[in-house]
Amino acid sequence: MSRRRYVIARCAGIGFAGLVAPPLQAEEVALEEISVTSDKPARRAGEGAAAGPNSPGSVGVLPVVSDRFSTVTVVSGAELARSQPTSLGEALFDKPGLSATTFAPGSASRPMIRGLDNHRVRILENGTGVQDMSDLGEDHAVPINPLINDRIEVIRGPAGLRYGSQAVGGVVSVENNRIPTSLPPGGVAGRVTTGYSAVDNGRNVAATVDAGSDNVAVHADAFRSAADDYNTPLGIQRNSFNESQGGAFGASYLFDRGFVGLSFSHFDSVYGIPGLGSAAQRTRLDPVQDKLQARGEVRPLDGPFAAIRFWAGGSNYRHNEFGTDANGVEGIEAVFKNRAAEGRIEFDHVPVETALGTLSGQLGFQADRRKLRISGAEGGLLRPTDTRVQAAYLFEELALGGGLRFQAAGRIEGNRVAGTQALFPADFLPDGPGDEPVESRRIRRFAPKSASFGALQDLPYGFVGNLTGSYVERAPTSPELFSRGPHEASATFEIGDPNLRPERARTVEVAIRRADGPFRLDATGYVTRYTGFVYKRLTGFTCGDTFDSCGIGGGDLRQVAYSQAGATFAGAEIASQIDLVPVGDGFAGLSAQYDFVRAQFDDGRFVPRIPPHRVGGGVFLRADGWFAQISLLHAFAQTQTGALETPTPGYNDLKAEIAYSRPLDPAVYGLSEVTLGLRGTNLLDDVIRNAASFRKDEVVLPGRNLRLFLTARF
């Protein structure tokens, strides 16, 4: 028996033994605290209220973050262990206001926020950028396996100013303990999660271990996921397999007023690109990333600063794109390389008592550099580029009393983007054979400026109201400026515009939230007005591998040109939950959700690839270690389509889940808790097409699926 199968079998055996063992009456289950880092740094260990059976940290309780100026969606580690997604997009796909690209479901599926993706959604891991190439193409995976994470936070609103203008759409912040910030209780703690899914013969296993003594804490984790081509109601989705593995090791030195730590992580994967042409050519990618991260904090006893924190990270990323040519010979079509480094430091000043109230805030500085290089047959997509960013930002919060708070924030950047521009004809058509664009070296410099203002007011019955306004400028990225050739994996011929202007977004957002009590609500409405919105415009032409083939009908690559236009995005996202009937030590109740985004250019055309209206609800039960729920999410047909885009039919996604958790005696079983469950998705076996995907006409999402999962903690 292989070592991996031995570990799974041993954990399963211990788990089943624990489920039939008598319950421990004296031991109380410790529930994981949700610590949101959107507007303020995470709490120190032990801070905050203790979690109770109906607290936001409890299994099945809707986590509502009501004390922040930003809208925050939290996916807890317990939910990740039950759903076992293999990509960030899969983990967030059905949350209100969120979607995913699903270019290759289960692997290359990047999160979308309010209809925005790629260069407007920043992905972070423990405070620094993920430093991959997923923003360059929808076929590129994010090198993060969600199973080893403690939680995922999706942040919209003014807190994005902390992380850069590329976060104008929002931030997906992945939090784990790869750099420990405290000693685990008892000196050692960990968990093992494993599962199996029927729709794709999917196998997952992940393990984390934290240990420490005196002033030193260490962390180690490892994961492996593998799946075959998945089933759909229309048959097998060919070339949809995926496999990934990796791990990390980190250590921290802890002292009375802070800590400093370092971690190293490795990720490698291989996955196929589904779709007619990609499946026929057996297109696949194999991303590999090595990353080094550092993090630290000190809280001085006196002086002007209450806390000083820093984050730093650097990585080497690479992936090959494989495929077969017309003669059936397989080879590497392109090699994508990314080298990146980033650093950020923040100073929390000591709260100041003013005539109006208490003033607190943070001053921060950030710098990063990114080098992109593409070689091989697809090297024409983008010549080598070098992007450098330096920035400063300031957050100030004034607490006036009576539950009223104001926040003001500002950020200024200096962006330098160097690359090779290609000058194409205005109609993007060649004059004849051998006609290729003229190239020259070019450096663009930008100075984006952003600001926001917000008000937060406590209301009767535990409600909190929030009103924010923001102005954000975003500098164009190197792919938007300098793209100039074929991208086989995405079947596009991409043309950048080296003369793009900075994109400007003005947003007004209003929200009402209730986090505590039997009724929990998270409702937000927003309007964003874009000036110079940058988007990928399908020209209607096709190309081969060179520009001189464009427009003659001989190529199978869709020509895409980066363009700018004024646009307005408006939408709402609502999630709610109510406990109705006491059952044992918990409740049975109802949940509901709704979201939509309407995106339209100033000339009346619709912005392409926008998610549809969605509405859903269900019933749940959480009591005496049991959690069960049944829910239905209905997506309406998307008929508000962009130019050359086809409508997308609606669908129904019926889900059901049952799980049982039992505390155990570590002295007897070696474990402190075990959770076993079964989860079903798309139980109606409906044909689900994602309106936000470039491949929606070729790629159907997985059909009916049952997943068995097990989590053991020690």
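Tutor: The second largest cavity has a volume of about 550 Å³, where a volume is the space filled by probe spheres set on grid points that are joined across faces, edges and corners. A cavity is a set of points, on a 1 Å grid over the protein atoms alone, where a 1.4 Å probe fits but cannot get out, and lining residues have an atom within 4 Å of a point. This is a predicted model, in which local features need pLDDT of at least 70 and side-chain atom pairs count only at pLDDT 80 or more, while totals for chains, interfaces and linings use all residues. Residues are numbered from 1 along each chain as its sequence is written, and side-chain values use heavy atoms, with hydrogens and water left out.

The structure holds 11 cavities of 30 Å³ or more. The lining of the second largest cavity is made of 33 residues, and those nearest its centre are Arg122, Asp135, Gln166, Asp368 and Arg370. At least two lining residues come from each of β4 (121–125), β18 (330–353), β19 (358–375), β20 (385–401) and β21 (404–423); such strands are DSSP runs of E with at least two residues, numbered from the N terminus. By class, this cavity's lining has 10 nonpolar, 13 polar and 10 charged residues, where Ala, Val, Leu, Ile, Met, Phe, Trp, Tyr, Cys and Pro count as nonpolar, Asp, Glu, Lys and Arg as charged, and the others, Gly among them, as polar.

Now turn to a pocket, which is an open set of points with protein on both sides within 12 Å along at least five of seven lines. The second largest pocket holds about 380 Å³ of space, and of the 25 residues lining this pocket, Leu538, Arg558, Ala643, Leu644 and Glu645 are closest to its centre. Two or more lining residues come from each of β28 (519–543) and β29 (557–583), and β28 gives the largest share, seven residues. The lining of the second largest pocket divides into nine nonpolar, six polar and 10 charged residues.

Finally, consider two single residues. Leu161, in the loop between β6 (151–156) and β7 (170–175), counts as buried because its relative accessibility is 5%, and buried means under 20% relative accessible area, exposed over 50%, and partly exposed in between, with a 1.4 Å probe and protein chains only. Tyr253, found in strand β13 (residues 242–255), is partly exposed, with a relative accessible area of 46%.

Methods. Helix = DSSP H or I, 4+ residues; strand = E, 2+ residues; numbered from the N terminus.
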